[in-house]
Amino acid sequence: MADSHGTPENSNSKQNEKVYCANCIHCKLVRTPSNNNGNQYYLRVRCSAGKWRKKLGEEKLYKYFTVARRSYDYCDCYEPMGDPRDFLRDLKKSLPIKDEAYTQ
Ligand code: SF4
């Protein structure tokens, strides 16, 4: 992934498996207001460990519907919440297929 995550060459996980952010305790769902209507919002995800950064250092948020794509070979802050395969399978079934505006 072309961001400032700083992926080292060695894998951290004991099973040599990929790290899926959606299965990490630091991956948080947040609401961001839509520009045109005060009572609408979009869903975004953020890394509460501060790993997602833009090139100039600002925090980067990702659209919620893309959260299953956030994966790395290594993350020193990864704290899994359960078996990633089961979790990701269920998550993919429930994710929206595009960025959607929600009403409060
Ligand atoms: S701490 Fe690492 S694995 Fe967890 S959400 Fe942040 S970048 Fe992803």
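The chain holds one helix and six strands, where helices (H or I, at least four residues) and strands (E, at least two) are DSSP runs numbered from the N terminus. Read along the sequence, these elements give the pattern β-β-β-β-β-α-β. This is a predicted model, in which local features need pLDDT of at least 70, side-chain atom pairs count only at pLDDT 80 or more, and totals for chains, interfaces and linings use all residues. Residues are numbered from 1 along each chain as its sequence is written.

**Confidence**

- The mean pLDDT of the chain is 86, and 84% of its residues reach 70 or more; pLDDT is the predictor's confidence in each residue, from 0 to 100.
- Residues 1–13 call for some care, as their pLDDT is below 50. Beyond near neighbours in sequence, this stretch has 20 contacts in the model, a contact being two residues whose C-beta atoms, placed from the backbone, lie within 7 Å.

**Strand pairing around S3**

Two strands pair if DSSP finds at least two bridges between them.

- Strand S3 (residues 40–47) pairs with strand S2 (residues 27–33) in the antiparallel sense over seven bridges. Here Thr32 has Tyr42 in S3 as its bridge partner.
- S3 also pairs with strand S6 (residues 101–103), antiparallel over three bridges, and Gln40 stands opposite Thr103 in S6.
- With strand S4 (residues 62–63), S3 forms an antiparallel pair over two bridges; Arg44 stands opposite Lys63 in S4.

**Core and packing**

- Of the 104 residues of the chain, 14% count as buried. Burial goes by the number of other C-beta atoms within 10 Å of a residue's own: buried means 20 or more, exposed 12 or fewer, and partly exposed in between, with C-beta atoms placed from the backbone.
- The largest nonpolar core has 11 residues, among them Val19, Tyr20, Trp52, Val67 and Tyr72. Such a core is a set of buried Ala, Val, Leu, Ile, Met, Phe, Trp, Tyr and Cys residues joined through C-beta atoms within 7 Å.
- Cysteines are part of this core too, including Cys21, Cys24, Cys27, Cys47 and Cys75.
- Leaving aside residues up to four places away in sequence, Cys47 touches Cys21, His26, Cys27 and Trp52.
- Of the contacts in the chain with a separation of 6 or more, 64% come from residues 24 or more positions apart.

**Around the ligand**

- The residues around the ligand include Cys21, Cys24, His26, Cys27, Cys47, Cys75 and Cys77; a residue counts here if its C-beta atom, placed from the backbone, lies within 6 Å of the molecule.
- Val19, Ala49, Lys51 and Tyr78 are also among the residues around the ligand.
- By class, this shell has nine nonpolar, one polar and one charged residues. Ala, Val, Leu, Ile, Met, Phe, Trp, Tyr, Cys and Pro count as nonpolar, Asp, Glu, Lys and Arg as charged, and the others, Gly among them, as polar.

- Asp83 sits in the loop between strand S5 (71–72) and helix H1 (84–94). Asp83 is exposed because it has 10 other C-beta atoms within 10 Å. Asp83 and Asn23 are 60 residues apart in sequence and 8.0 Å apart in space, C-alpha to C-alpha.
- Glu17 lies in the segment before strand S1 (19–20), and it counts as partly exposed because it has 13 C-beta neighbours inside 10 Å.
- Glu59 belongs to the loop between S3 and S4, and its 11 C-beta neighbours inside 10 Å are why it counts as exposed. Not counting residues up to four places away in sequence, Glu59 touches Arg46, Trp52 and Arg53.
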